[in-house]
Amino acid sequence: MRSPSLAVITAALSLPTIVSTRAVAQDAAGFVAEQQQRQPLPGLVAGTESWIVHFQNRPFDLSAFRAEMYGNKNPEVIATIVKDLEAKVQEHQKKFCNDIVALGGRVTHQWWLVNACCIEVAPRHLAAIRQMGNVAMLEPNVEVMPLIKTATNAANHNSDALNAKGVTGNGVACAIIDTGQDSNMNGTGVPHITYSRLGTAATRLVKNMQIGTQPPDDVHGHGTGVASIAAGYKWNNTAADNGHAYNANIVGYSIANTTSGSSSAANEASGYQNAAADAASFKIVATNLSYSGSSNVVDVAALAQDSAALNADLLNATAAGNSGTSVASSLPNVNGLSVGAVNNDTHTLASFSSRGVQGGRLFPNLCANGVSTVMALRNNESGNYTASGTSMASPQVCGAATLIRGANTALKSDETRAILLASTELNPGSGSGLNSTGTGAGYLRDDRAYDVATTASLHGRATLNATTTSWTRSIAVTAAKTVQIGIAWHRLDVTTSGTTWSNLDVELKRGTTVLASSKTASNTEEFIRYVPAATETLTIEVTLVGGVVGGSAQPFGWATWFDSATTKVPGEYVLYGAGCKGTGISPAGGPVIPPQYTSAWAEINNVFPVGWNDQHYMQAHGASEVSSATLSVLGLAFRSKLNSTLTARTIPCTVSIGYTSNSATSLNATFASNWAATPTVGFSGNLNVPSDVANTDLTKFATKVTFTAPFIYIPARGNLLWEFENKATVGSINVYDAVQNSSRQIGRIFATGVASTSGTFRANEGLVVQLMSAGGPGAIVDMTNTGVPEINTSFQLAISKARPNSVAVLYLGASQINVSLGTIAPGCSLYCSYDVLLGAVATGAAGAGSLTLPIPNVTGLIGIKFYNQYIALDAPANTLGLTFTNGGAGKIGG
């Protein structure tokens with residue numbers, strides 16, 4: 001074998017900053033046009049709709065409230081101020097409210113945090129309301145939806161390290177605006193253990209308030225799970241772990257209107273107003289909202305969350321959304337932090353995580369774990385709620401903010417935001433600045449944020465104005481050791497006119513030479529990640545560009561983080577291509593095969609009845625019911641039930657299989673319209689039904705339809721759809737009739753003269769139809785990785801679905817290729833040059849094995865790229881007698 005020709009990359013990783021080239025202004029007129037396309041929620045009275053009314057001005061402001069929240073935060077003083085604000089709102093909106101009542105409507109919400117209210121009125125009155133005095137615009141009150149053990153350890157956010165130091169959030173609180181909290185765990189009258197004070201009978205759930213129409217005791221489970229990530233105590237399960245700030249108090253605001261968790265923009269705004277009002281009393285320092293919403297900055301929820309940050313000094317974390325490259329349903333959170341989702345351990349971006357450019361802003365701000373997150377389960381202290389989404393990523397940031405603001409209670413929300421950005425970890429997809437590709441400044445690190453927050457020289461606040469337009473600070477840097485800089489500020493105008501805000505830029509300079517900069521046009525944060533070439537003193541300069549917007553002075557928070565070790569470059573490993581079919585055994589797609597059923601098939605229950613008639617049956621299966629991975633489907637199987645009148649039958653039938661874009665429970669009555677594309681005819685022939693089989697065991701099958709060739713189901717293409725059709729009759733009687741029996745489908749065989757097409761069936765008569773997934777030969781051989789290649793560590797490459805009790809060898813190549821082997825090995829391809837044989841592995845009875853690959857502690861290896869592929873001996877598979885896995889591309893980090 002020849003040695004690989006692999007170039008050694010010794011320079012540290014430095015990715016380019018992605019910046020917007022221009023600001024995208026959002027004006028009120030544009031917002032109105034957008035809102036007219038959104039459907040308002042129905043009102044309580046039939047024929048009415050829910051609308052948010054924004055007013056042009058009002059005779060009071062929030063300056064006294066803000067001054068106290070940024071000063072003493074005296075709960076009694078704040079309570080007096082809030083009571084006064086509530087009275088002023090009532091007086092200010094009194095005439096308007098009376099006018100609405102006169103129109104047969106009602107007022108459902110009134111806010112002092114923003115200059116608006118919410119009404120329910122017949123739509124014919126909207127034009128007249130728009131013409132009323134002081135009305136700025138109308139916004140439909142639309143429906144919004146709710147969008148941990150590994151997450152807290154040293155390989156991830158590392159709040160465990162802080163918890164070990166006694167940093168647990170004690171003395172402060174976080175607010176969870178969600179579906180409620182499990183305050184009455186399974187009817188016991190006490191809150192779930194996740195709210196307990198270190199597992200004792202004392203609870204940290206200090207308030208659980210109803211805002212929506214559903215009760216505050218969590219009706220869904222989303223709110224309880226989210227709270228357990230941010231600040232939950234470990235529950236009674238080995239997979240459970242403490243949340244980030246597990247000794248902080250928790251304040252719950254239930255905004256759910258339905259048991260599915262749906263809510264409204266008005267409820268979101270009310271959630272923030274109540275959090276602002278309660279902030280001093282409960283020492284709330286951070287909030288979390290894991291719901292969708294309008295992306296427009298003058299939506300009532302957006303105004304409320306930014307006003308809560310500006311006036312109540314709250315660090316607001318929100319979920320970026322689960323819409324991939326669309327950010328249309330993502331709350332903007334201009335004055336807070338929007339959080340994308342990444343995978344545990346690898347910190348690679350989750351494909352569903354929303355990202356892009358939103359109103360000129362690079363979105364989101366940073367990322368955190370949000371895939372297969374284990375959370376506390378509502379009404380069950382021993383179970384787990386496991387889910388994926390940015391809903392799970394956002395409370396990681398809320399919990400981290402609660403931790404560091406508990407450790408340093410002098411921190412302000414803009415300063416905290418700067419600290420969390422400056423202390424992020426470089427992860428796959430992040431680089432030298434902010435970006436619009438999903439990871440933002442990088443990966444949340446609690447331990448780094450704590451180090452910055454508790455070191456006075458590493459963070460602070462400053463103010464710029466028309467006279468003082470720049471701020472500078474000298475920092476000492478060390479060659480090859482990363483320095484990170486974050487700044488953050490609030491938009492000051494949180495009215496419908498507040499469509500723009502101050503623009504600050506940050507530069508890192510050597511004298512007059514700019515070494516790095518962050519100059520986005522529309523974000524309210526900037527971030528620099530820089531690896532110095534020399535040990536020297538540099539200057540940070542923050543500049544106000546174009547003047548202060550919304551006030552006379554623009555405060556901002558700043559933070560710096562310095563790597564105390566050699567800059568780490570993350571390792572990478574990406575799988576590509578596809579393996580080919582051999583004689584390995586496909587894994588079952590359903591339950592374990594019962595021992596009394598010896599065929600190498602596994603069953604998937606068809607529990608969603610949809611469409612049927614006398615000679616025709618169609619069934620759809622969602623990916624969660626069938627398989628989340630590519631699956632080979634062999635055919636259908638049928639179970640006979642005992643029936644003394646049933647005799648053997650031969651039924652000519654056709655079975656087709658393919659995809660549908662419709663859900664498993666909502667197929668169209670016109671069968672042909674359900675197919676997303678032309679289906680595959682899996683079988684066309686006779687179904688041989690035996691005579692009486694004395695069997696009431698659902699796991700035994702009398703007969704099966706084996707497809708001419710396995711159908712390869714790929715979940716990404718849609719739901720699986722299959723169709724059974726026959727035209728056979730006995731005399732004038734149809735011999736096959738599909739009817740529903742509870743949650744199962746019964747395929748009925750009729751003896752001569754014994755039949756009914758009325759939709760009923762006789763006891764112990766018929767066949768149970770079940771979809772069969774491959775559990776036998778014909779599997780696609782596959783390679784997977786555990787971990788990534790980094791110096792002084794090991795990672796693993798595994799092969800599965802290979803021929804049992806055979807041998808597979810793993811190769812390393814310097815080049816990535818794609819060469820089909822054609823007829824000698826159909827479907828097989830070479831994916832890398834075969835330069836080095838890394839080793840061989842016995843596949844065993846399961847057709848699987850793995851090799852662990854140690855990477856030496858040699859810094860010169862960092863950056864080297866390499867490629868791998870397994871080859872397995874499989875004489876019956878093809879002429880070549882070999883099968884080939886997919887390929888893998890690695891890049892060594894360290």
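Reply: What follows goes through the salt bridges and then turns to one pair of helices.

This is a predicted model. The structure holds 15 salt bridges, and a few of them are described here.

Start with helix α3, which covers residues 75-92. How open to the surroundings is each partner? Asp84 has a relative accessibility of 36%, so it counts as partly exposed. Lys88 is at 35%, and therefore it also counts as partly exposed; buried would require under 20%, and exposed over 50%.

Helix α4, residues 94-102, holds another pair, Asp99 and Lys95, which are four residues apart, or about one turn of the helix. The closest N and O atoms of this salt bridge are 3.0 Å apart. Asp99 has a relative accessible area of 27%, so this residue is partly exposed. Lys95 has 59% and is therefore exposed.

Next comes the salt bridge between Asp306 and Arg491, with the closest N and O atoms 2.7 Å apart. This pair links distant parts of the chain, its members being 185 residues apart. Asp306 sits in helix α9 (residues 300-312), while Arg491 is in the loop between β20 (483-488) and β21 (503-510). Are these two residues buried or exposed? Both Asp306 and Arg491 are buried.

Salt bridges can also share partners. Here, Glu507, Lys509, Lys519 and Glu541 are joined in this way into one network.

For a contact of another kind, turn to helices α7 (residues 222-231) and α10 (residues 390-407). Their axes come within 7 Å and cross at roughly 40°. That angle is why α7 and α10 are described as oblique to each other. Their crossing is right-handed. On the α7 side, the contact is made by His222, Val226, Ile229 and Ala230. On the α10 side, Ser391, Met392, Pro395, Gln396, Cys398 and Gly399 take part. How many of the residues in this contact are nonpolar, polar or charged? Six are nonpolar, four are polar and none is charged.

How values were computed: Residues are numbered from 1 along each chain as its sequence is written. This is a predicted model: local features need pLDDT of at least 70, side-chain atom pairs count only at pLDDT 80 or more; totals for chains, interfaces and linings use all residues. Side-chain values use heavy atoms; hydrogens and water are left out. Axes are lines fitted to C-alpha atoms, for helices over the stretch in contact, and angles run from 0 to 180 degrees between N-to-C directions. Helices (H or I, at least four residues) and strands (E, at least two) are DSSP runs, numbered from the N terminus. Angles under 35 degrees count as roughly parallel, over 145 as roughly antiparallel, 65 to 115 as roughly perpendicular and the rest as oblique. A crossing is left-handed if the near helix is turned anticlockwise from the far one by less than a right angle, and right-handed if clockwise. Contact means heavy atoms within 4.5 Å. Ala, Val, Leu, Ile, Met, Phe, Trp, Tyr, Cys and Pro count as nonpolar, Asp, Glu, Lys and Arg as charged, and the others, Gly among them, as polar. A salt bridge is a side-chain nitrogen of Lys or Arg within 4 Å of a carboxyl oxygen of Asp or Glu. Buried means under 20% relative accessible area, exposed over 50%, partly exposed in between (1.4 Å probe, protein chains only).
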